[in-house]
Amino acid sequence: MSKKNGKHHRGQKRDQRMTDGDDLHGTAHAKRPSTARWASTIDANAESIPAALGAHREVPIPAAAGITVVEPGTRIDLGAVDADADGGLDKDWAKEALGRERERIIALQERLYAERARSLLLVFQAIDTGGKDGTIRAVLKGVNPQGCTVASFKVPSSDERDHDFLWRYHARTPGRGMIGVFNRSHYEDVLVVRVKGLVPDAVWQSRYGRINDFEQLLTESGTTILKFFLHISKAEQKKRLEARIADPEKHWKFDPADLVERKSWDAYQQAFADALSRCSTPRAPWLVVPANHKWFRNYVIAKTVADTLEAMDPRFPEAAKGIADLTVPD
């Protein structure tokens with residue numbers, strides 16, 4: 001996990017050539033007070049906010065059987081969650097059922113995209129080899145790419161380091177009608193920075209509350225958040241790392257730094273437990289997914305995504321009056 005995140009260095013100074021008095025919209029427009037310019041957009045903004053938004057802010061998170069929901073205000077013990085659990089399901093059945101859940105996601109995503117009233121954000125966190133990439137491929141296969149965005153957060157750029165820690169994440173949140181995916185997320189800033197000592201303790205300790213506020217802002221703005229922690233055992237990570245070493249076609253996925261990071265397994269488990277416990281809220285609870293078995297992981301996550309979209313109940317916009325009576329001329 002941490003190999004993709006480096007130390008934060010001071011970036012170059014920002015371009016200071018533009019001042020508060022600069023106006024990119026022309027001299028005539030600049031003569032109007034800024035408050036007047038904002039006021040002139042009120043009607044347009046009101047029309048762009050669908051009436052359905054306020055009615056669908058509270059969306060229940062229907063986690064599939066086998067997923068552990070971190071109850072808000074409680075402490076999760078990851079050691080007590082069996083990463084090898086499979087819910088007693090048959091592997092072949094689960095693989096077939098995954099296809100059905102995909103079809104549900106595809107159909108509901110089309111409605112979400114057409115409605116353009118709300119959005120869905122899927123957050124994936126895991127230790128190295130936890131399966132984030134594979135999960136995203138398996139669950140969202142077939143989804144219209146026009147209605148889906150995937151953001152993978154690695155080492156912050158100099159521009160990103162010049163801003164607050166949430167800036168780069170907020171910029172990639174999904175717009176109305178979209179499904180957004182975070183492959184790693186804002187939680188990296190209370191995980192890797194903590195374990196590697198990239199910032200003082202007081203800095204990362206203060207971020208839990210800010211993360212909760214950030215997620216509350218998103219949910220109040222019409223974004224439903226599903227946060228999945230892919231939970232694998234230390235033995236399973238060893239197995240997956242060895243498989244990457246043994247297969248030449250997987251060498252590109254292997255980084256020798258993974259072996260160094262593996263030495264910090266316990267520290268990362270503690271950091272994950274703290275993040276999951278302190279940032280599981282009624283609107284955005286953490287979902288711990290046993291992920292040793294990829295087929296089980298994929299099925300329960302796909303079912304949770306499909307059930308959540310169904311709970312959001314997106315609707316196709318009403319057709320213009322009389323459209324059914326129209327004929328197309330020769």
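Student: Asp274: buried or exposed?
Tutor: Asp274 is buried, at 12% relative accessible area. Buried means under 20%, exposed over 50%, partly exposed in between, with a 1.4 Å probe and protein chains only. The model is predicted, so local features need pLDDT of at least 70 and side-chain atom pairs 80 or more, while totals for chains, interfaces and linings use all residues. Numbering starts from 1 along each chain, and side-chain values use heavy atoms, without hydrogens or water.

Student: Which side chain does the Asp274 side chain make a polar contact with?
Tutor: That of Arg194, at 2.7 Å. A polar contact is an N or O pair within 3.5 Å; within protein, one atom must be able to donate a hydrogen and the other to accept it, and residues adjacent in sequence count only if both atoms are side-chain atoms.

Student: Switching to the sheet. What's the strand order?
Tutor: β1-β6-β5-β2-β4-β3, six strands, open, with mixed pairing. Strands are DSSP runs of E, at least two residues, numbered from the N terminus; two strands pair if DSSP finds at least two bridges between them.

Student: Which strands stand at the edges?
Tutor: β1 (68-69) and β3 (148-152). Each has a single partner strand, so one side of each lacks a neighbour in the sheet.

Student: And how does β3 pair with β4?
Tutor: Parallel, over five bridges; β4 is residues 179-183. Ala151 stands opposite Phe182 in β4.

Student: What about β2 and β4?
Tutor: They also run parallel, joined by five bridges. Leu122 stands opposite Val181 there.

Student: How many β4 residues are buried?
Tutor: Five of the five, so β4 is largely enclosed by the rest of the structure. Ile179, Val181 and Asn183 point one way, Gly180 and Phe182 the other.

Notes: Helix = DSSP H or I, 4+ residues; strand = E, 2+ residues; numbered from the N terminus.
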